[in-house]
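Thank you all for coming. I would like to take you through a few details of one model, beginning with a pair of helices.

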2 protein chains.
Amino acid sequence: MLSKAKIKFIKSLQLKKYRKQEQCFVVQGAKSVHELLLSDFEIQFVLGTTEFLDAASLPKGLEIIAVQENELAGLSEFQTNDAALAVARMKPNTPVKIAPGEFALVLDDIRDPGNLGTIIRTADWFGISKIIASEETADIYNAKVISATMGSFVRVEMYYTALTDYLQSIKLPVYGAYLDGADVHTQAFHDGGFVVIGNESRGISPEIGQFITQKITIPQYGKAESLNAAIATAIICDNIRRPK
Amino acid sequence: MLSKAKIKFIKSLQLKKYRKQEQCFVVQGAKSVHELLLSDFEIQFVLGTTEFLDAASLPKGLEIIAVQENELAGLSEFQTNDAALAVARMKPNTPVKIAPGEFALVLDDIRDPGNLGTIIRTADWFGISKIIASEETADIYNAKVISATMGSFVRVEMYYTALTDYLQSIKLPVYGAYLDGADVHTQAFHDGGFVVIGNESRGISPEIGQFITQKITIPQYGKAESLNAAIATAIICDNIRRPK
């Protein structure tokens with residue numbers, strides 16, 4: 001039985017203010033809730049249709065509430081969700097450790113939740129699991145971000161911090177996409193390092209640009225002036241990973 | 001002076017039904033309206049702040065209405081727009097001609113307007129200017145699509161049609177991304193052809209799959225199960241264009 005208090009609690013988590021206060025966030029849809037159940041996130045409770053719950057691998061002791069599809073629809077913020085919803089505890093915002101040879105992304109104010117979610121999903125596809133983000137970057141626990149990650153949020157560690165301070169302590173190469181950099185098709189990406197992705201409107205800010213040790217460029221063959229931030233991320237990651 | 005009738009007309013074009021009836025669509029924001037003014041689209045009228053209009057290259061005889069920022073904000077469907085808005089005539093839906101050696105995209109039900117817009121922008125970056133789309137694909141004249149193209153809608157020809165009929169008459173290679181295809185990193189893309197991009201949820205449908213002459217695969221290095229449709233498009237285009 002879904003109580004009014006739970007409905008109110010779930011809906012309150014649409015706002016960052018309440019997510020921060022409660023240290024909890026909402027995961028919606030069968031695919032994402034399945035991924036959450038297999039992850040190391042601490043889950044508060046799961047709502048699911050009987051069809052979803054019968055097929056799910058549910059840990060013992062977890063609070064489970066069987067609901068009707070229309071109850072889920074009423075809780076859904078923006079996406080159609082006819083299967084499941086879970087509330088889980090946010091992870092603490094702790095610095096990520098970069099291993100030798102590893103690549104990490106640095107997000108210089110990615111404001112659009114859909115872009116952030118797509119970047120996380122793309123990073124996960126390319127085996128990049130550490131992301132350092134400016135404090136102005138969209139909140140990973142925003143429902144639109146979680147949805148756009150298609151479950152990849154469980155495998156990627158995000159660390160929100162003041163980027164200028166963070167980058168000052170870095171010794172690895174720092175790559176950033178500019179119009180006048182080295183061609184990503186021929187650039188050697190040997191030693192791991194950081195790939196800075198600039199803001200959707202203004203690109204990489206000058207304050208962050210001073211830490212770039214290697215400017216790179218995605219060759220343009222047509223007339224669009226720029227690429228979407230998530231698209232640029234994907235092309236750079238594919239060029240990092242491809243055999244040289 | 002912006003009349004009530006014009007406001008009503010502009011707002012009516014938010015719906016596909018009225019766009020179809022009037023054969024007109026709305027373009028919002030300085031960047032997109034600038035691109036429109038330089039294109040071969042037939043423009044009905046332009047609203048702009050005096051700052052925008054002073055800087056714009058406006059053809060003679062075009063109806064121009066100077067407006068305040070707050071008037072534009074009131075007309076804006078979803079994005080912040082503080083500079084300009086234009087209404088232009090839709091182009092007729094005519095078959096695109098593919099030249100020898102040319103690549104074209106085939107969209108098998110891309111439903112999300114943001115994805116469609118990003119695909120158009122990405123195609124334009126990579127010099128691909130012909131797109132054949134299923135009738136279930138999002139409408140290019142939807143304001144969210146136009147916005148996500150960042151002006152590239154003026155350079156890309158879209159043709160909406162029944163894909164199975166269309167593909168039956170094709171003699172060029174038809175590429176499609178599957179999990180068990182040839183590696184895009186080593187696949188030779190010699191002779192031009194069609195690249196089919198599958199629907200966001202189900203990928204390429206079996207009816208369209210039968211026309212694929214070359215299955216290709218984007219190598220996966222991590223654990224995400226799939227890539228966003230626009231991301232996959234970008235990686236395939238980059239691999240088509242890069243020197244072998």
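Which residues in α6(B) meet which residues in α10(B)? Before I answer, please keep in mind that this is a predicted model, in which local features need pLDDT of at least 70 and side-chain atom pairs count only at pLDDT 80 or more, while totals for chains, interfaces and linings use all residues. Residues are numbered from 1 along each chain as its sequence is written, chains are lettered from A and ligands numbered from 1 in the order in which they are written, and side-chain values use heavy atoms, with hydrogens and water left out.

On the α6(B) side we have Asn115(B), Thr118(B), Ile119(B) and Thr122(B), and these meet Ala229(B), Ala230(B), Thr233(B) and Ala234(B) in α10(B), where contact means heavy atoms within 4.5 Å. By class, that contact has four nonpolar, four polar and no charged residues.

As for geometry, helix α6 (residues 113-125) and helix α10 (residues 229-241), both of chain B, pack at an angle of about 10° with their axes 9 Å apart. They are therefore roughly parallel to each other, a term that covers angles under 35 degrees, and their crossing is right-handed.

Turning to aromatic rings, the structure holds 22 aromatic pairs over all chains, a pair being rings of Phe, Tyr and Trp (its six-membered ring) whose centres lie within 6.5 Å. One of them joins Tyr175(B) and Phe189(B), at 4.9 Å centre to centre with 55° between the planes, and is tilted (planes under 30 degrees apart count as stacked, over 60 as edge-to-face and the rest as tilted). Tyr175(B) sits in strand β8 and Phe189(B) in the loop between β8 and β9, 14 residues apart.

Definitions and conventions:
Axes are lines fitted to C-alpha atoms, for helices over the stretch in contact, and angles run from 0 to 180 degrees between N-to-C directions. Helices (H or I, at least four residues) and strands (E, at least two) are DSSP runs, numbered from the N terminus. Angles under 35 degrees count as roughly parallel, over 145 as roughly antiparallel, 65 to 115 as roughly perpendicular and the rest as oblique. A crossing is left-handed if the near helix is turned anticlockwise from the far one by less than a right angle, and right-handed if clockwise. Ala, Val, Leu, Ile, Met, Phe, Trp, Tyr, Cys and Pro count as nonpolar, Asp, Glu, Lys and Arg as charged, and the others, Gly among them, as polar.
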